[in-house]
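Please look over the chain shown here before reading on.

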Amino acid sequence: MNKVCTNSSASDIDFMYSAFELAQQAQAIGEVPVGAIIVKDSAIIGRGYNRSIVAADPTAHAEVMALRDASQNLNNYRLLDCTIYVTLEPCTMCIGALFHARIMRLVYAASDPKTGVCGSVIDLPAETRLNHHMQVTGGVLATEASTLLKQFFAERRKVRGNKTK
């Protein structure tokens, strides 16, 4: 299992708050509140938030949207020496995209016990048979991320419950 954060650097926390702002944008349009940013040389070069529902695109996860933005900004699909900050542990699709982009470091907030592949369900970044490896830090602002997600899904259940009455 990858390292779980016990004391984050100030920059990790600051960058994670930037990802939280994007998660709130996702929530505002009815998407699961997940946000991601990509950082190179201490500058944000890519931003993304979940847009699968509004874009009718199953690949429009926060990480993929941030990868697309950063790749366009650098005019390169290889994002060498970059760190991604995401408010939820990545799924299989997203970690695969991060591998292909050659992301150097992943920092995530909340673990995802249903689809997370950085130690929750399986641990793909730790798989030595794969051709790319990245440093992974989990748990940066995990409580805040978990709270945001729990509130979103509680509200969603409440709205659905009212529709069936």
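**Aromatic pairs**

Tyr17 and Phe20 lie 3 residues apart in helix 1 (residues 10-28), so about one helical turn separates them. Helices (H or I, at least four residues) and strands (E, at least two) are DSSP runs, numbered from the N terminus. This is a predicted model, in which local features need pLDDT of at least 70 and side-chain atom pairs count only at pLDDT 80 or more, while totals for chains, interfaces and linings use all residues. Residues are numbered from 1 along each chain as its sequence is written, and side-chain values use heavy atoms, with hydrogens and water left out.

- Rings of Phe, Tyr and Trp (its six-membered ring) pair if their centres lie within 6.5 Å; planes under 30 degrees apart count as stacked, over 60 as edge-to-face and the rest as tilted.
- The count by this rule is 3 aromatic pairs.
- Tyr17 and Phe20 make a tilted pair, with 6.2 Å from centre to centre and 45 degrees between the planes.
- For accessibility, buried means under 20% relative accessible area, exposed over 50%, and partly exposed in between (1.4 Å probe, protein chains only).
- Tyr17 is partly exposed, at a relative accessible area of 42%, whereas Phe20 is buried at 7%.
- Phe152 and Phe153 make an edge-to-face pair, with 5.1 Å from centre to centre and 80 degrees between the planes.
- Phe152 is buried, with a relative accessible area of 8%, and Phe153 is partly exposed, with 31%.

**Nonpolar core**

- A nonpolar core is a set of buried Ala, Val, Leu, Ile, Met, Phe, Trp, Tyr and Cys residues joined through side-chain atoms within 4.5 Å.
- The largest nonpolar core has 42 residues, and those that touch the most other members are Met16, Ile38, Leu79, Ile95, Leu98, Ile103 and Leu106.
- At least two residues of this core come from each of helix 1, strand 2 (35-40), helix 3 (62-74), strand 4 (83-88), helix 4 (92-101), strand 5 (105-110) and helix 5 (142-163).
- Helix 1 gives the largest share of this core, 6 residues.
- Contact means heavy atoms within 4.5 Å.

- Ile44 is in strand 3 (residues 43-49) and is partly exposed at 24% relative accessibility.
- Apart from neighbours within four places in sequence, Ile44 is in contact with Phe15, Ser18, Ile37, Ile38 and Val39.
- Ile44 and Ala70 are 26 residues apart along the chain, and their C-alpha atoms are 8.5 Å apart.
- Thr83 is in strand 4 and is buried, with a relative accessible area of 8%.
- Not counting residues up to four places away in sequence, Thr83 touches Ile37, Ile38, Val39, Met104, Arg105 and Val107.

**Surface patch**

- Patches are made of residues with over 30% relative accessible area and no salt bridge: like charges are joined within 9 Å, and nonpolar side chains (Val, Leu, Ile, Met, Phe, Trp, Tyr) within 5 Å.
- Ile29, Ile53 and Val54 form a nonpolar surface patch with about 250 Å² of accessible area together; such areas come from the Shrake-Rupley method with a 1.4 Å probe, and for residues only the protein chains shown count as cover.
- Val54 belongs to helix 2 (residues 52-55) and is partly exposed at 44% relative accessibility.

**Salt bridges**

- Side chains of opposite charge can pair when their charged atoms come close.
- A salt bridge is a side-chain nitrogen of Lys or Arg within 4 Å of a carboxyl oxygen of Asp or Glu.
- The count by this rule is 3 salt bridges.
- Arg105 and Asp12 meet through their side chains in a salt bridge of 2.7 Å, N to O.
- This pair links distant parts of the chain, with Arg105 in strand 5 and Asp12 in helix 1, 93 residues apart.
- Arg105 is buried at 15% relative accessibility, and Asp12 is buried at 5%.
- Asp57 and Arg68 meet through their side chains in a salt bridge of 3.8 Å, N to O.
- That pair also links distant parts of the chain: Asp57 is in the loop between helix 2 and helix 3, and Arg68 is in helix 3, 11 residues apart.
- Asp57 is partly exposed at 21% relative accessibility, and Arg68 is partly exposed at 37%.
- Arg129 and Glu127 form a salt bridge whose closest N and O atoms are 2.6 Å apart.
- Arg129 is exposed at 71% relative accessibility, whereas Glu127 is partly exposed at 23%.
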